Amino acid sequence: MQWMIYGANGYTGELIAREAARRGLFPILAGRNKQKLHELANELGLPYRTFPLTQAAEVHESLIDIGLVLHCAGPFSVTAEPMQEACLTVGAHYLDITGEISVFELTHSRVQSARARKKGIVLCSGVGFDVIPTDCVALRLKELMPDATHLSLGFDSDLALSPGTTKTLIEGLGAGCVERVDGKLKATALGSRHRHIDFGRGARSAMTIPWGDVSTAYYTTGIPNIQTWIPMPSPLVFGARGLSFARPLLQVNAVQKLLKKLVERFVCGPDEAARAVMPTLVWGEAKNAAGDVVSVCIDIPNIYSMTVDGALHITSHLLQSTIAGGSYTPAVLFGSSFITKLPGSGNFKVIRSYS
Ligand SMILES: NC(=O)c1ccc[n+]([C@@H]2O[C@H](COP(=O)([O-])OP(=O)(O)OC[C@H]3O[C@@H](n4cnc5c(N)ncnc54)[C@H](OP(=O)(O)O)[C@@H]3O)[C@@H](O)[C@H]2O)c1
């Protein structure tokens with residue numbers, strides 16, 4: 001089966017392309033930047049294709065002999081739909097490394113799931129740091145507490161971000177925060193939720209952010225109330241509350257464009273040495289109606305190594321096996337222990353408390 005990395009010249013796409021080449025997985029590199037793709041493909045000895053995602057017919061044609069696309073071109077708010085559409089038309093598995101809630105909702109919509117089942121292809125969004133580890137933690141918590149009604153997930157990392165991730169975060173800030181309440185996604189103000197959490201290195205002040213798991217963990221576990229957390233010093237939580245008043249400004253197209261231009265100019269992403277010292281702690285907590293609590297945490301490598309290994313693990317598996325068509329989360333495809341099998345990950349540490 002031939003497969004393709006689209007967005008192969010981006011920061012994360014290139015990391016994945018290099019590792020895929022090193023493992024002898026022979027992807028076709030693709031994207032819209034001919035010059036950069038030509039240089040990378042030449043260096044890695046791989047074929048490449050150049051096409052934008054703006055013309056549906058051109059995208060279909062470019063995928064006609066492809067069995068799987070690993071989509072790495074984001075922000076995915078613009079790129080996911082045309083690529084998913086083409087994959088559903090030609091019958092290619094679709095994987096992406098998004099963390100965007102709207103894209104997860106598209107992938108898991110009834111319409112897309114039914115189309116994927118009929119076509120016999122897998123749609124799986126979030127095959128990177130967001131959401132493999134937290135999705136596995138969510139499923140582990142559901143296994144430990146089948147009657148859980150509330151789920152909290154989060155991570156603690158000394159992050160340095162790539163350009164695309166920073167641009168995606170800027171889009172997210174304009175939209176405020178999101179959580180899941182009684183099965184439905186609900187917008188909340190940034191900084192409106194504040195608590196102390198021990199992610200694995202002592203209790204820290206934390207706030208909720210609009211992270212992909214408010215979507216995916218629901219499809220993985222069915223738990224109706226979900227929040228996603230990161231550590232944030234208390235003064236910054238109050239600052240974020242203040243920023244909520246600037247939200248309309250952050251939604252203005254011209255402001256978004258300006259901020260993204262600044263990102264292109266000043267953000268280049270962590271190098272190999274920086275990535276090596278960015279280990280991450282992933283945490284989750286489930287509660288049931290009786291007030292019992294179970295929490296789980298796990299160490300994982302930095303977010304980019306996690307994304308490369310996770311995405312290539314899922315890709316290799318789909319290239320070699322037959323899986324019934326439909327929309328999947330990573331943990332539903334591979335089980336909660338998937339994360340513990342990826343290089344550099346530890347094992348789940350479980351803590352229980354009873355009401
Ligand atoms: N799930 C995770 O944990 C995880 C981890 C890392 C990254 N990500 C996500 O992956 C995405 C890429 O991140 P990055 O840091 O690699 O970004 P990047 O270095 O800015 O690269 C972005 C890539 O996407 C392409 N692209 C952007 N908009 C496009 C469009 N409208 N049509 C076609 N191609 C387009 C770019 O092509 P040009 O060169 O032609 O502009 C480039 O190849 C971001 O959304 C980021 O949030 C997720």
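Helices (H or I, at least four residues) and strands (E, at least two) are DSSP runs, numbered from the N terminus. This is a predicted model: local features need pLDDT of at least 70, side-chain atom pairs count only at pLDDT 80 or more, and totals for chains, interfaces and linings use all residues. Residue numbers start from 1 along each chain, as its sequence is written. A seven-stranded open sheet has parallel pairing.

**Parallel sheet**

- The strand order is β3-β2-β1-β4-β5-β6-β15. Two strands count as paired if DSSP finds at least two bridges between them.
- β3 (48–50) and β15 (326–328) are the edge strands; each has a single partner strand, so one side of each lacks a neighbour in the sheet.
- From one strand to the next, the twist averages 20 degrees. Axes are lines fitted to C-alpha atoms, for helices over the stretch in contact, and angles run from 0 to 180 degrees between N-to-C directions.
- β1 (residues 3–6) and β2 (residues 28–31) run parallel and share three bridges. Isoleucine 5 has leucine 29 in β2 as its bridge partner.
- Helix α6 (residues 110–119) lies across β6 (122–125) and β15. The angle of α6 to β15 is about 120 degrees.
- Helix α14 (residues 303–320) also packs on the sheet, touching β1, β4 (68–71), β5 (93–96) and β6. The direction of α14 makes about 170 degrees with that of β4.

**Antiparallel pairs**

- β10 (residues 194–198) and β11 (residues 203–208) run antiparallel, joined by five bridges. Isoleucine 197 is opposite arginine 204 in β11.
- The hairpin of β10 and β11 has four residues between the strands. In this hairpin, glycine 200 has a positive phi near 135 degrees.
- β14 (residues 293–300) pairs with β16 in the antiparallel sense, over five bridges. Serine 295 faces isoleucine 351 in β16.
- β16 (residues 349–353) is hardly covered: of its five residues, the count of buried ones is zero. A residue is buried if 20 or more other C-beta atoms lie within 10 Å of its own, exposed if 12 or fewer, and partly exposed in between, with C-beta atoms placed from the backbone.

**Helix contacts**

- Two packed helices are described by the angle between their axes and the distance between the axes.
- The axes of α7 (residues 132–144) and α9 (residues 213–221) come within 9 Å and cross at roughly 40 degrees. The two helices α7 and α9 are therefore oblique to each other. Angles under 35 degrees count as roughly parallel, over 145 as roughly antiparallel, 65 to 115 as roughly perpendicular and the rest as oblique.
- α7 and α9 cross in the right-handed sense. A crossing is left-handed if the near helix is turned anticlockwise from the far one by less than a right angle, and right-handed if clockwise.
- Thr134, Asp135, Ala138, Leu139 and Lys142 of α7 meet Asp213, Thr216, Ala217, Thr220 and Thr221 of α9. Contact requires C-beta atoms, placed from the backbone, to lie within 7 Å.
- The residues of the α7 and α9 contact are three nonpolar, four polar and three charged. Ala, Val, Leu, Ile, Met, Phe, Trp, Tyr, Cys and Pro count as nonpolar, Asp, Glu, Lys and Arg as charged, and the others, Gly among them, as polar.
- Eight of the nine residues of α9 are buried, so α9 is largely enclosed by the rest of the structure.
- The axes of α1 and α14 come within 10 Å and cross at roughly 55 degrees. This crossing of α1 and α14 is right-handed.
- Thr12, Leu15, Ile16, Glu19 and Ala20 of α1 make the contact with Tyr304, Thr307, Val308, Ala311 and Leu312 of α14. The residues of this contact of α1 with α14 are seven nonpolar, two polar and one charged.

**Backbone exceptions**

- Most residues other than glycine have a negative phi, and most peptide bonds are trans.
- Glycine 74 and proline 75 are joined by a cis peptide bond, with omega about 5 degrees. Proline 75 lies in the loop between β4 and α4 (76–90).
- Phenylalanine 26 has a positive phi, near 45 degrees. Phenylalanine 26 is partly exposed, with 13 other C-beta atoms within 10 Å.
- Aspartate 182 has a positive phi of about 50 degrees. Aspartate 182 lies in the loop between β8 (177–181) and β9 (184–188), and counts as exposed with 8 C-beta neighbours inside 10 Å.

Methods:
Two residues are in contact if their C-beta atoms, placed from the backbone, lie within 7 Å.
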